Amino acid sequence: MDFSAVNWLAVIAAAVVAWLFGAAWYMGLSKPWLKAAKLDPATVKKSPLPFVISFIAELVMATIMALVVGAMTGGEPTLLAGLVFGFVLWLGFVATTLSVNHRYENFGWGLTLIDGGHWLGVLLIIGAVIGWFGAAAS
């Protein structure tokens, strides 16, 4: 892995935009999500930690996306390549993992659709930003 080829500005921008998307997604779907997750809003512990962890996770995702898209495009990422890889990585790893975990955890498909839609948006956004920014300046 060639970390020198990573466009770090793109990684940070992608993580910020993806995090903001997640905030908007779950603010808009908070009631259906709480119901699907079988959580009582009155007993949900309020903590900034999940928000911090989300941002760190999205920084990691953006870094890996930059490495994958860069490697697979010969070091010349494009917007389309970023979107394609975002979708393929979501389908191959995120959608499958959520589907399995939520079935074992006895959650309905509603939670899988809400969470899966969020992660699809996140990976498409990260891929698009990485591709749009292009390669790191040499």
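How many residues does helix 1 have, and how far does helix 1 reach from its first C-alpha to its last? Select helix 1 (8-28): there are 21 residues, reaching 30 Å, close to the 30 Å expected at 1.5 Å a residue. That expected span is 1.5 Å times one less than the number of residues. Helices here are DSSP runs (H or I, at least four residues), numbered from the N terminus.

Before you go on, some ground rules: this is a predicted model, where local features need pLDDT of at least 70, side-chain atom pairs count only at pLDDT 80 or more, and totals for chains, interfaces and linings use all residues. Residues are numbered from 1 along each chain as its sequence is written, and side-chain values use heavy atoms, with hydrogens and water left out.

Stay on helix 1 and colour A10, V11, A14, A15, A18 and G22, its buried residues (buried is under 20% relative accessible area, exposed over 50%, partly exposed in between, with a 1.4 Å probe and protein chains only). Look down the axis: these buried residues fall within an arc of 130°, so they line one face of the helix. The arc is taken from the directions from the helix axis to the C-beta atoms. Now turn to the face pointing away from the buried side, where you'll find the exposed residues L9, A24, M27 and G28. Helix 3 and helix 5 are among what covers the buried residues.

Next, select N7, in the segment before helix 1. N7 caps the N-terminal end of helix 1, with a side-chain oxygen 3.3 Å from the backbone nitrogen of L9. N7 is buried, at 13% relative accessible area. Leaving aside neighbours within four places in sequence, N7 is in contact (heavy atoms within 4.5 Å) with F133, G134, A135 and A136.

Now jump to I126. Leaving aside its neighbours within four places in sequence, I126 is in contact with A14, A18, E58, M61, A62 and M65.

Finish with two loop residues. K38 sits between helix 2 (30-36) and helix 3 (49-72), and N106 between helix 4 (79-104) and helix 5 (109-133). Why click on them? Because most residues other than glycine have a negative phi. K38, not a glycine, has a positive phi of about 60°, and N106, not a glycine either, has one of about 65°. K38 is exposed at 56% relative accessibility, and N106 is exposed at 60%.

Notes: A polar contact is a pair of N or O atoms within 3.5 Å; within protein, one must be able to donate a hydrogen and the other to accept it, and residues adjacent in sequence count only if both atoms are side-chain atoms.
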